[in-house]
Structure formats: structure tokens, C-alpha cells
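Here's a quick tour of the ligand sites and some backbone details worth a look. Have the model open and follow along.

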Amino acid sequence: METWRRIIADSITTAEELAECLNIDPVPLAQLVRRYPLRITRRYLELIEEPGDPIWRQCVPDPLEMVDEQLPDPLDEERLSPVPGLIHRYPDRVVWLVSNECAVYCRFCMRKRRVGCRLAGNGGGVWDDAIHYIATTPTIRDVILSGGDPLLLDDECLETILARLRAIPHVEMIRIGTRTPVTLPERITSRLCRMLKRYHPLYINTHFNHPREITPLAAKACARLADSGIPLGNQTVLLAGVNDNPTVMMLLMQRLLAIRVRPYYLHQMDLVRGTGHFRTKVATGLEIMGALRGFTSGMAIPYFVIDAAGGKGKIPLLPDAVERRGNSLLLRNYCGETVEYEDL
Ligand SMILES: *Cc1c(COP(=O)(O)O)cnc(C)c1O
Ligand code: SF4
């Protein structure tokens with residue numbers, strides 16, 4: 001068995017094990033774990049320093065997950081799905097959910113409704129339908145592999161998918177969204193990298209939410225991918241009690257650049273059932289954006305986006321910096337000073 005498979009097999013998946021590791025009451029945990037799956041790799045669990053800290057909040061079930069005010073699928077991903085596993089929302093790109101498994105089940109996951117569940121007929125016929133749809137829809141030039149975590153598939157499965165996509169002439173690029181550099185850096189083997197680099201142009205977006213997740217092993221995993229010529233981006237979710245302050249966020253963004261990962265999106269929490277306790281006000285995100293812009297490298301600044309309900313797409317938000325005064329614009333710089341700009 002490959003090392004990373006052994007690490008998964010050895011991870012914590014039951015309320016009893018977790019309660020014992022953390023020295024907490026297993027009874028309320030058990031009910032939560034029946035509702036939403038639990039998995040934490042031992043190494044990720046070791047990043048916890050104290051109860052309720054940013055790592056704890058991301059991976060340890062919270063009774064607030066049972067508060068059911070929101071919809072399971074507010075972005076209408078199931079409705080935008082032409083064949084099982086594909087989400088086709090934008091004209092030229094498609095998200096393909098190739099795995100329902102992750103190394104760590106994040107408590108804030110936007111796909112809480114499906115992660116950790118068995119995929120109906122994984123592989124085989126379901127993949128044929130997705131490939132057929134992509135191959136017969138010539139507007140699709142960008143395919144985003146997501147899940148779950150695509151890198152929880154083994155190398156052979158993943159290579160089959162990549163090879164079949166590469167054989168479609170109008171698929172210009174492939175992206176993989178994966179949290180394994182954070183939660184299972186051992187997955188980024190040199191064998192995997194040798195395989196991946198045969199399928200360029202290939203982009204990877206990973207998912208760091210807190211500076212403490214940037215461990216030496218995570219940095220090494222990212223270096224391996226970058227050395228294989230894969231441009232790395234990062235998608236962060238703005239999470240209450242995890243990273244909802246400008247100091248933490250600036251440090252995270254700077255440290256990401258230092259490991260050759262370019263911040264891409266900062267996501268406002270989606271209104272997904274069971275995740276309401278992670279939501280912040282939009283003003284918090286805007287305040288963070290205001291504290292980054294101008295104060296640190298422009299490359300460290302992600303787009304702050306809200307994924308609009310009903311599958312209407314991602315909408316970027318910025319703190320107000322422009323005011324129209326007749327024919328001229330009043331522009332506000334990062335320090336709050338204003339300059340006038342004569343528009344055409
Ligand atoms: C986010 C997303 C994409 C990719 O959007 P980009 O802005 O190109 O990164 C594509 N399809 C769906 C359904 C998405 O949610
Ligand atoms: S790794 Fe991604 S898909 Fe998996 S549980 Fe975390 S947020 Fe959800």
C-alpha cells in the first residue's frame with residue numbers, strides 16, 4: 001500500500017477515537033458524525049494547539065452543524081448538472097466532481113451534502129457520460145476537476161481521466177482543485193508529479209485557510225508541483241474564528257507566495273446547510289481586502305467573491321474606491337487619500 005493510503009487508513013473517523021484524542025465527550029460527537037462524515041489525518045490533528053483554535057474549528061464537528069436553516073445546495077449545482085457529476089454554469093468551462101472523498105472532511109464544506117457519500121457507480125459508466133458531454137460540447141475549453149478531492153483517486157484513475165480529457169481537441173486546459181497539499185501532503189509523490197506533467201497545460205488550485213497550515217511538508221508538496229511546471233493558485237474560504245481578521249489573512253497570503261502559491265479567490269461562505277456558524281459579514285471581507293490592497297504585494301491579493309445563489313456565478317467585491325463627480329472620478333487610494341481623475 002502506498003504511504004498516503006496508509007495515512008488515510010490510519011486517520012480518525014469515529015466519534016470515540018476523536019473524543020479520546022481531544023479528551024472531550026464522545027456522546028454529542030456521535031450524533032454529528034452520523035449526519036456528516038468525520039475524517040482527520042493524525043498529522044492535521046496535531047496542528048491543533050488548543051480547543052476551538054483555527055485548526056480545531058475546521059475539522060472537529062460542532063453541534064451548530066445541526067442547525068438547519070439553509071439549503072443543502074443553494075448554488076443549484078444539481079440543477080446545473082447536465083449529466084451526473086458535471087456542473088455546467090459558465091459557457092466555456094465545466095466543473096467535474098470526480099471524487100467524493102477527502103483526506104480531512106472540512107466542517108465548513110460547501111459540498112457537505114455529498115462529500116464522504118458513496119459515488120453512485122464511480123468510474124465506468126458515469127465517467128463515460130461526463131466525457132461524452134464534454135466531447136460533444138465544443139464551447140468547453142476549461143475543465144475543472146473537483147469533488148471531494150480528485151487527488152484521493154489513485155494515480156491510474158486520475159491518469160485515465162486526464163488522458164481522456166486531453167484527447168478532446170477543444171479542451172485547452174485542465175484544472176485540479178485539491179486540499180491534499182494541506183491535509184495530506186504525502187499524496188504529492190514524485191510519481192504523481194511525473195504523471196501530471198504529461199498533461200500540461202495543467203493548473204492546480206489548493207486550499208489553505210490559515211498560516212499554521214503552511215507546514216514544511218505542505219511547502220515541500222507545493223514545491224514539487226511547482227517544479228513540475230504546474231502553476232499553483234489558492235482558494236481560501238473566509239471563516240469565522242479561523243481567518244476572519246486582516247492580520248491572519250495578510251500573513252496567510254504572504255506565506256503562500258513564499259511557497260510559490262498565488263492567492264486566487266477569497267470566498268464569502270456559501271449559505272450551505274450545517275455551516276452557518278462559519279459565516280462572517282460581507283463587511284468583514286471588505287475590511288480585510290482594504291487592509292491588504294496597497295499594504296502588501298499586489299500578487300498577495302485574492303479576489304473576494306460571493307458565489308451568487310441559484311447558480312448565478314461568482315461576483316467579485318472591492319471596498320468602494322471610486323466615486324463619480326460629473327465627468328471626473330474621485331479615486332480613493334489605500335491610505336484613504338483621494339485623487340481626482342479626469343475621465344474621457
Ligand atoms: C468557480 C466555478 C468555476 C470556475 O470559475 P473561475 O472564475 O473560472 O475560476 C466554474 N464552474 C463553476 C460551477 C464554479 O463554481
Ligand atoms: S477538502 Fe474541499 S471538498 Fe473536501 S471537505 Fe474540505 S472543502 Fe469540502
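A residue counts as being around a ligand if one of its heavy atoms lies within 4 Å of it. Keep in mind that this is a predicted model.

## Around ligand 1

With that cut-off, the shell around ligand 1 is made up of Ile87, Arg89, Tyr90, Arg93, Val95, Ile144, Arg175, Tyr264, Tyr265 and Lys314. Sorted by class, that gives six nonpolar residues, four charged ones and no polar ones. Which pocket holds the ligand? Ligand 1 sits in the largest pocket. Three strands, E1 (86-90), E2 (93-97) and E7 (262-267), are the elements that give two or more residues to this shell. The top contributor is E1, with three residues.

Now for the contacts to the oxygen atoms of ligand 1. Arginine 175 has a polar side-chain atom 2.8 Å from one of the ligand's oxygen atoms. For lysine 314, the distance from a polar side-chain atom to an oxygen atom of ligand 1 is 2.9 Å, and for arginine 89 it comes to 3.1 Å. How much of the ligand does the protein bury? On its own, ligand 1 exposes 380 Å², and 88% of that is buried by the protein.

## Around ligand 2

Next stop, the other ligand. Around ligand 2 you'll find Cys102, Val104, Tyr105, Cys106, Cys109, Val115, Gly148, Arg179 and His207.

The peptide bond from glycine 147 to glycine 148 is cis, with omega near 15°. As for where that is, glycine 148 belongs to the loop between strand E3 (142-146) and helix H7 (155-166).

## Other backbone spots

There's another cis peptide bond to check, between histidine 200 and proline 201, where omega is about -5°. Proline 201 is found in the loop that runs between helix H9 (190-196) and strand E5 (202-206).

Look for aspartate 76 in the loop between helix H5 (54-59) and E1, the strand that gives the most residues to the shell around ligand 1.

Strand E10 (residues 322-325) runs antiparallel to E11, and four bridges join the pair. Together E10 and E11 make a hairpin with two residues between them, and glycine 326 in the turn has a positive phi of about 65°.

Follow E11 (residues 328-332) onward and you get to E12 (residues 338-342), again paired in the antiparallel sense, this time over five bridges. This hairpin has five residues between the strands, and glycine 336 takes a positive phi near 90°.

Which residue of E11 links the two pairings? Leucine 329 is the bridge partner of arginine 324, and leucine 329 also stands opposite tyrosine 341 in E12. If you're picturing where the side chains point, remember that they alternate between the two faces of the sheet in a regular strand.

Note on methods. Residues numbered from 1 in each chain as written. Chains lettered and ligands numbered in written order. Predicted model: local features only at pLDDT ≥ 70, side-chain atom pairs only at ≥ 80, totals over all residues. Heavy atoms only, no water. Polar contact = N/O pair within 3.5 Å; in protein donor to acceptor, adjacent residues only side chain to side chain. Areas by Shrake-Rupley, 256 points an atom, 1.4 Å probe, with all protein chains shown as cover. 1 Å grid on protein atoms, 1.4 Å probe; cavity = no way out; pocket = protein on both sides within 12 Å on 5 of 7 lines; lining within 4 Å. Sits in = over half its atoms within 2 Å of the grid points. Nonpolar A, V, L, I, M, F, W, Y, C, P; charged D, E, K, R; others polar. Pairing = 2+ DSSP bridges.
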